[in-house]
Amino acid sequence: MRLAGKVALVFGAAGKDNMAQIIARRLNAEGAKVVVVGRHEDALSDFAAELGGAYAIADISDKAQVDAAADVAVERFGKLDIGINATGWGLLKPTEETTEADLDKMLAIQFKGPFFFIQAMLRTMGAGGSIIQISSATATIMLDNHAAYMGTKAGIDHVIRTVANEYGVRGIRANSISPGLTETPMAGGTFQIPELLEAFEREYPLGRVGTKEDIAAAAIWLASDECFMTGQNLQVNGGLTLRRNPSLTELGEIAAKATAHLHS
C-alpha cells in the first residue's frame, strides 16, 4: 500500500485492459483512490466501479474537458496527488504523405492535449505531487514512417523537463516513461505474427518486449513518495534504446514471407 491516502487521475482509461487501465489497477492495489478519464462513458463507469473510484468523460484535446476532469478528482476525493496521461495515436505514415489533417490530429492528441493535462495538474495539485506522461522509446530511437508521432512525443518530454524545473519549488515532480513495443492496439498485428515479434525481441538486451505491467510498475514508483527524481525520461523498455527497432524493409520482408507461408 505504497500509495495509501493518495488520489490519482489517469487519462486514456476507456479501452479494456489497455495501458491506462493496467496502471489504474496498480494504483488502486497500492491504496490510491483513482479517477479514470476517457471518452466512452459505459466503459469508464464499469471500470471505475471495479476500482471503487470515480470517472470523468473528457477528450484530452479539449482544455475545458481536461480541466473539468481534474476538478472531478478534487470534488470527489478532496485533492489530487498523482496525474498520469496514457493517451496517444500511433499513426504510421510516410513523412511526405502525412497530411495537414494528420498533423492537426497528432498535435491535438500528443502535444496540446498533454500540455492541457499538465496545466490542469499544476492548477489542482497542492504542495507536492507527481505528474507522469507516457512517452515512447521512439522519442529517442528511430521507427520508420512514424515522424509525427515521434516528434510530438519528444516535444512533450521536453515540456515535462521544463515543468520539473519550474515547479520543483512546489514539491511537484514531473517525469515521463518510454515503453518500447507493447501489446496494445497501437502495436497493430505485430503480436499475431511470431516472426515479426521475434524481429523486435532480438533488439532487446533483456530478451523480451515489454508489458503493460512493466510500465505500471514504473509508474507506481514515480507516483510514490520514495521517488526523489524529477525531469527525467525513464526508458522502461528492456534496453531497446541501446539498440534499435527493426527497419521497415526488414519488417516488410518478414511479413511477406509469413503471408506467403500462410497461403502455401
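Predicted model: local features only at pLDDT ≥ 70, side-chain atom pairs only at ≥ 80, totals over all residues.
Local features need pLDDT of at least 70 and side-chain atom pairs count only at pLDDT 80 or more, while totals for chains, interfaces and linings use all residues. Residues are numbered from 1 along each chain as its sequence is written, and side-chain values use heavy atoms, with hydrogens and water left out.

**View 1. The crossing of helices α1 and α7.** Helix α1 (residues 19-29) and helix α7 (residues 212-223) have axes that come within 9 Å and cross at roughly 45°, the axes being lines fitted to C-alpha atoms over the stretch in contact, with angles from 0 to 180 degrees between N-to-C directions. The two helices are therefore oblique to each other, a word for angles that are not under 35 degrees (roughly parallel), over 145 (roughly antiparallel) or 65 to 115 (roughly perpendicular). In α1, Met19, Ile22, Ile23, Arg26 and Leu27 meet residues of α7, including Ile215 and Ile220, where contact means heavy atoms within 4.5 Å. The residues of this contact divide into nine nonpolar, no polar and three charged.

**View 2. The crossing of helices α3 and α4.** The axes of α3 (residues 63-77) and α4 (residues 100-124) come within 9 Å and cross at roughly 35°. Among the residues that make the contact are Val66 and Ala70 of α3 and Phe116 and Phe117 of α4.

**View 3. The lining of the largest cavity.** On a 1 Å grid over the protein atoms alone, a cavity is a set of points where a 1.4 Å probe fits but cannot get out, and lining residues have an atom within 4 Å of a point. The lining includes Leu91, Lys93, His146 and Tyr149.

Notes: Helix = DSSP H or I, 4+ residues; strand = E, 2+ residues; numbered from the N terminus. Nonpolar A, V, L, I, M, F, W, Y, C, P; charged D, E, K, R; others polar. 1 Å grid on protein atoms, 1.4 Å probe; cavity = no way out; pocket = protein on both sides within 12 Å on 5 of 7 lines; lining within 4 Å.
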